[in-house]
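Here is a short briefing to read beside the sequence and the 3D view. Please keep both open as you go.

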Amino acid sequence: MSLCFSCNVSSLNSPKYQSHKAHFYSQFINQIQVNSLSHSLPSFPLNSSLPFKFSVKRINPIRASTATSVEATQSSFRNKNPKDINILVAGSTGYIGKFVVKELVNRGFNVIAVAREKSGIKGKNSEEETLNQLQGANVCFSDVTKLETLEKSLNDFGVSVDVVVSCLASRTGGVKDSWKIDYEATKNSLVAGKKLGAKHFVLLSAICVQKPLLEFQRAKLKFEADLMRETEMDSGFTYSIVRPTAFFKSLGGQVELVKDGKPYVMFGDGNLCACKPISEEDLASFIADCVLGEDKINQILPIGGPGKALTPLEQGEMLFRLLGKEPNFLKVPIGIMDFAIGVLDFLVKIFPSMEDAAEFGKIGRYYAAESMLVLDPETGEYSAERTPSYGEDTLEEFFEKVLREGMAGQELGEQAIF
């Protein structure tokens, strides 16, 4: 059964890939550190003074929409006011998804946020908690992994869709889960959205798909290809593929450890890779820009945050400077990870059930050595200069905040590797 609710009150409220990186480092590094120290959907009106009343009945057509049929979306949605544009957001309760919903609501769009009935880390959030998290959006509880269920849930709204925004990402990064979410579920959101008249699809992908060595990267690339093929078959349909660099969350795993006196751990000399990290709010703003931005139509859009690209060494130096401490680095040979992956690959041949463990090791190895920057096709090297910058939030400001407030709200949960 699918449930659809409306939540509109006066106050408004990956990819897992960065989370995997953060958790791999925080778990692997924590062990090293400890040992080293000892060793067009208008909103439904809702009276906030009354308790929520949940119903599985068909919801009446949304009041402010001038297009309640699929045919009405044939005219360009880009000529409409935001209040008349219906946006379907898949992956709305994910790490980036919830920021995207908030940004779109703040810009005046009519948002249908698709969420699991038990969302959040390990499904700990109830329906009411999800409604509170996605204030201002019309929340549709459904299952994006089942196309028939998703279509029925959306049909219950009785309205058209102008744009689909997908922030879906595998919760584990495992082999099967990657294809189930990064490809199949994302494809379901495309099919369901188009049936309701969607003319534009904004995909949150990842910059690391440029060099696909992992299953989630291959799954994302396959969907990207399907999405681009869709525009070839339907000239009235467009897309924007957003490929962000590292998220702040993925780089914050060592802040509290270093604050407590442990060394900053890095692989090699700390210069194996670099990134231009972007904040959740800035990325959500860029994704929202893709809804109406004509310069972003049918484009693959790599995007990073402001400032220069930073290596792990530079990130560590920044952290020690903020703490007023002398730098204390622990350099780990990358060969250790290569050895561990070799062992896991051998064991998978004997015990196929260990394929996810082997994949997790490869994910950690990838982020330890590969830059989250645009890969220059001419030189085959990563290029900070070719990686666009966007927004105003800086990593240094994020570090300062974590030092004051901790990593609350940045939990990795289901992205745990070990």
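Predicted model: local features only at pLDDT ≥ 70, side-chain atom pairs only at ≥ 80, totals over all residues.

Residues are numbered from 1 along each chain as its sequence is written, and side-chain values use heavy atoms, with hydrogens and water left out.

**Helices α11 and α12**

- Helix α11 (residues 335-350) and helix α12 (residues 355-369) have axes that come within 9 Å and cross at roughly 160°; helices are DSSP runs of H or I, at least four residues, and strands are runs of E, at least two, numbered from the N terminus.
- Axes here are lines fitted to C-alpha atoms, for helices over the stretch in contact, with angles from 0 to 180 degrees between N-to-C directions.
- The pair α11 and α12 is therefore roughly antiparallel (over 145 degrees; under 35 is roughly parallel, 65 to 115 roughly perpendicular and the rest oblique).
- On the α11 side, M337, D338, I341, L344, D345 and V348 meet E355, A357, A358, G361, K362, G364, R365 and A368 of α12, where contact means heavy atoms within 4.5 Å.
- Seven nonpolar, two polar and five charged residues make up the contact of α11 with α12 (Ala, Val, Leu, Ile, Met, Phe, Trp, Tyr, Cys and Pro are nonpolar, Asp, Glu, Lys and Arg charged, and the others, Gly among them, polar).
- Buried residues of α12 include F360, I363, Y366 and Y367 (buried is under 20% relative accessible area, exposed over 50%, partly exposed in between, with a 1.4 Å probe and protein chains only).

**Helices α4 and α5**

- The axes of helix α4 (residues 147-155) and helix α5 (residues 175-195) come within 10 Å and cross at roughly 35°.
- L147, L150, E151 and L154 of α4 form this contact with N188, S189, V191, A192 and K195 of α5.
- By class, the contact of α4 with α5 has five nonpolar, two polar and two charged residues.

**Helix α9**

- Helix α9 (residues 280-292) is mostly covered, with 10 of its 13 residues buried.
- Among the buried residues of α9 are L283, F286, I287 and V291, along with E280 and D282.

**Residue F201**

- F201 lies in strand β6 (residues 200-204), and F201 is buried at a relative accessible area of 0%.
- V164 is 37 residues from F201 in sequence, yet their C-alpha atoms are 4.8 Å apart.
- Leaving aside residues up to four places away in sequence, F201 touches residues including V164, L190, F223, F237 and Y239.
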